[in-house]
Amino acid sequence: MDCLFCNAAVPFTQHEMAYHIFELADVDNRWRLCRDCAAFRTAGEEYTGTGHRSTGSRHGPGTCVDCDADAAYGVALFKETPAGDTVPNDSVYHVLCEEHFAERRT
């Protein structure tokens, strides 16, 4: 599968983890990102797990890295388990609102 933003090939196997961008409302709706395109994730707000609860005192979705709107998408490093399941690691970054996600895709 290719990177959603730049179309570079992104390998993903049990032995190779890959970054994914996903809808915060539905983690199963996700796409791969190459390492370069995923680098902006650290500008977002870091959370533990794929839900909306933060690791600190703030709750709810983070804000978009390009504006102050609520983030609708997050980025996380996913891995494939030996059973074939795809799961995120602990760090999830809330990064983009709907509008800025659409802009980066084009």
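Tutor: Start with one term: two residues are in contact when heavy atoms of theirs lie within 4.5 Å. Keep in mind that this is a predicted model.

Student: Which residues is Arg 32 in contact with, leaving aside its neighbours within four places in sequence?

Tutor: Arg 32 belongs to strand 2, residues 26-33. Neighbours within four places in sequence are left aside. The contacts are then Met 1, Asp 2, Cys 3, Leu 4, Val 10, Pro 11, Phe 12, Tyr 19 and His 20.

Student: Is Arg 32 buried or exposed?

Tutor: The cut-off for buried is under 20% relative accessible area. Arg 32 has 14%, so Arg 32 is buried.

Student: How far is the backbone oxygen of Val 10 from a polar atom of the side chain of Arg 32?

Tutor: Val 10 sits in the segment before strand 1. Val 10 is buried, with a relative accessible area of 7%. Its backbone oxygen and a polar atom of the Arg 32 side chain are separated by 2.8 Å.

Student: How far apart in space are Val 10 and Arg 35, C-alpha to C-alpha?

Tutor: In sequence, Val 10 and Arg 35 are 25 residues apart. In space, their C-alpha atoms are separated by 8.6 Å.

Student: What percentage of the residues in the protein is buried?

Tutor: The protein has 106 residues. The buried share of them is 40%.

Student: How many aromatic pairs does the structure hold, and how are Phe 5 and Phe 40 arranged?

Tutor: The structure holds 6 aromatic pairs. Phe 5 and Phe 40 form one, with ring centres 6.4 Å apart and 45 degrees between the planes. That pair counts as tilted.

Student: Why does this pair tie together parts that are apart in sequence?

Tutor: Both Phe 5 and Phe 40 are buried. Phe 5 lies in the segment before strand 1, and Phe 40 lies in the loop between helix 1 and strand 3. So the pair ties together parts separated in sequence by 35 residues.

Student: Trp 31 and Tyr 73 form an aromatic pair too. How many residues apart are they?

Tutor: This pair is tilted, at 6.4 Å centre to centre. Tyr 73 is buried, with a relative accessible area of 4%. Trp 31 is in strand 2 and Tyr 73 is in strand 4, and the separation is 42 residues.

Student: The charged end of which residue sits over the ring of Trp 31?

Tutor: Trp 31 is in one aromatic cluster with Phe 5, Phe 40, Tyr 73 and Phe 101. Phe 40 has Arg 104 over its face, at 4.4 Å from the ring centre. Over the ring of Trp 31, 5.6 Å from its centre, sits the charged end of Arg 105.

Note on methods: Residues are numbered from 1 along each chain as its sequence is written. This is a predicted model: local features need pLDDT of at least 70, side-chain atom pairs count only at pLDDT 80 or more; totals for chains, interfaces and linings use all residues. Side-chain values use heavy atoms; hydrogens and water are left out. Helices (H or I, at least four residues) and strands (E, at least two) are DSSP runs, numbered from the N terminus. Buried means under 20% relative accessible area, exposed over 50%, partly exposed in between (1.4 Å probe, protein chains only). A polar contact is a pair of N or O atoms within 3.5 Å; within protein, one must be able to donate a hydrogen and the other to accept it, and residues adjacent in sequence count only if both atoms are side-chain atoms. Rings of Phe, Tyr and Trp (its six-membered ring) pair if their centres lie within 6.5 Å; planes under 30 degrees apart count as stacked, over 60 as edge-to-face and the rest as tilted. A charge sits over a ring if NZ of Lys or CZ of Arg is within 6 Å of the ring centre and within 35 degrees of the ring normal.
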